[in-house]
Amino acid sequence: MTRLLRAELARARARPFVWFVSAGVVLGVLGLVLSGWWESRPPSAAQVAAADEAYRTDLAAWQELVAPCDADDPSVHPDLPPEQASAVCASRPPVPERYQEVRPDVAALVVERLPSVGVMLTLGCLMVGVGLVTADFASGAMGTWLTFAPRRGHVFVTRLASAAVAAVPCVVAPLVTLVLALLAVGVVNGLAVGEPVGGWGELLATAGRWLAVGPAFAAVGVGLAFALRHAAAVTGVAVWWVAATESALPLVLPESRWLPLSTNVSAWTAGSAYYVVPSCVPDPAHAGEELCDPVLHTVSAGQGALVVLVVVAVALVGGWLSFRLRDVA
Amino acid sequence: MRVRGLRKTYRTFSLREVVAVDHLDLTVPAGGVHAFLGPNGSGKTTTIRMLLGLARPDAGSVHLFGTPVPERLPDVIGRVGAIVENPKFVPGFSGRRNLRLLATAVDVPHTRVEEVLERVGLRDRGVDQFRRYSLGMKQRLAIAATLLKDPDLLIFDEPTNGLDPEGIRDIRATMRGLADEGRTVLVSSHILAEVEQVADTVSVVARGRLVAEGTVAGLLAGEGSARVRVTVADPARAHALLAARGWAVQVDGRTVEVAGAPGPSHVNEALARGEVFADEVVVLRRDLESVFLELTGARPSTVRPDAVAPAGAA
């Protein structure tokens, strides 16, 4: 099986498709970086002038409001009740910094963009897994391959392993690009590096969990591809899943909101995820109506990982059974 | 190779059962070129796919080198090289890369890739993408792939499909050369000319069943199978004399064509006894195409059933 694995890894490495997908995800990340650069740009002279003007205006208004207070005479604000007049007199002057647009630090930019990057690299890894299998079914090369390696179990496992390995650059390249490019943005825009909530170590741990999610989705792709054999069919199943499980089901059945993969992946990578289920009781005051309170539920990282792994296992079992039992053209 | 009672059915989308291979018995002797002959849709490719473990038989047994397959196919796959239908490789990879991947899978050194590329005349085009190859080059690359393992048995499924005459000649020469090296070549085809010129033995299938097998010479020269054409002065009397012997007779002018006679001397003798003397006696040798068409039911048979070796006699 070692030589088969070597052949499969060589095949995956030589597939331009794998590199195109990684490049596509990196391009998407660069788009996010671009948006980060845009929103963290230093203010223009006009913006500074406008902020300064607003500050001066507010300062003047404040000074006008509190100037009579120096006389310690509440009657200077006869239109206000005494408590409010005192509050006005006790108010503090406007601060110039509050008139400048708040600029995020690099850490905030990274954390803000991680979920979007996650979606892109998840889809990318899924595509890698699907493409590495369906391409050979489409071209008929799988049949030729089986005349050299007739043990389908070995072919399945080694193809799965090569897809998982091929998914690694699809995860690492976008994450590294995100961090390095945003650090560069920080230098260009003069941003502070800052520190994410939980520290850089926690961010590194999150990246590590994405490194597990990527190959997991590549495995889902491999399983679906072996089961369905056509990229179009896999796409159809994926679209159905998104429409039914990720979108419609939580709306129709709020109790099922723990089920969508997006929730569970988010829980796994971020440590936890939350969803709200309305809890309703009959309204005693109005017959036929209900009083509802939102109840917050938590999906733990372990539960998220478990659900993802169950989906991976189901896809792989389906793929293996199909590959084992169906004829190959 | 020994196949017994092999059966394969498919279900259509309307759940109708289609029998692709129907209790097929097939024996391929070691050495030489064995043709696996049948019209399109007769079950040749399905049979080959079952031999290679690509399709699961519903019933029957297959033995390669005395080993049951597909149960123990991995034990003997190293001795088998095969092209099933059209050559199928990764289109975006070069011919050389495709072969190297296959070589890695079976632990063959990459130097062997260069050897087989050289042998099929593709060494200079090894860097080109497979998708850019002509059909003939694709076939040659497929043959190179089958040779990687230095196999004892080569299976070629319709290897000359779509090739020009030069390509067909090259493939034919390659098959003959491989057989002359002591290997066994099983070639399926519906192109009869290539089989007739290169094959030592033949199996003919129709509608998933074996209808005849034996040597090519045996099929062509089966006893009682000869047609004899005689030219006589009195064709009406000749017709009466020959038909009285129970042979099939057709008259066209002064020419009388006889089918089913044991041989030309019997025809001549029957005419002479009736005092009809032939100006010309011609033995019409059948070619494999006519045998094939008669056996597979593609044309009404005018040959007695015992004109060829019965199935299973080889």
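**Close-up views of helix packing and the chain contact**

**View 1. Here α9(B) passes α10(B) in a right-handed crossing.** Welcome to this predicted model. Take a moment to find the two partners in chain B: helix α9 covers residues 235–244, and helix α10 covers residues 264–273. Their axes lie 9 Å apart and meet at an angle of about 120°, and α9(B) and α10(B) are therefore oblique to each other. On the α9(B) side, look for A238(B), L241(B) and L242(B); α10(B) answers with V267(B), A270(B) and L271(B). By class, this contact has six nonpolar residues, with no polar and no charged ones.

**View 2. Helices α5 and α7 of chain A pack against each other.** Helix α5(A) runs over residues 106–139 and helix α7(A) over residues 152–189. Their axes come within 9 Å and cross at roughly 155°, an angle that makes α5(A) roughly antiparallel to α7(A). As you follow the pair, note that α5(A) passes α7(A) in a right-handed crossing. The contact of α5(A) with α7(A) is made up of 21 nonpolar, four polar and two charged residues.

**View 3. Chain A meets chain B.** The contact draws 21 residues from chain A and 24 residues from chain B. Which helices of chain A each supply at least two residues of the side that touches chain B? They are α1, residues 2–14, and α6, residues 141–148. The largest share of that side, seven residues, comes from α1(A). Sorted by class, the side of chain A that touches chain B has 11 nonpolar, five polar and five charged residues.

Note on methods: Residues are numbered from 1 along each chain as its sequence is written. Chains are lettered from A and ligands numbered from 1 in the order in which they are written. This is a predicted model: local features need pLDDT of at least 70, side-chain atom pairs count only at pLDDT 80 or more; totals for chains, interfaces and linings use all residues. Axes are lines fitted to C-alpha atoms, for helices over the stretch in contact, and angles run from 0 to 180 degrees between N-to-C directions. Helices (H or I, at least four residues) and strands (E, at least two) are DSSP runs, numbered from the N terminus. Angles under 35 degrees count as roughly parallel, over 145 as roughly antiparallel, 65 to 115 as roughly perpendicular and the rest as oblique. A crossing is left-handed if the near helix is turned anticlockwise from the far one by less than a right angle, and right-handed if clockwise. Two residues are in contact if their C-beta atoms, placed from the backbone, lie within 7 Å. Ala, Val, Leu, Ile, Met, Phe, Trp, Tyr, Cys and Pro count as nonpolar, Asp, Glu, Lys and Arg as charged, and the others, Gly among them, as polar.
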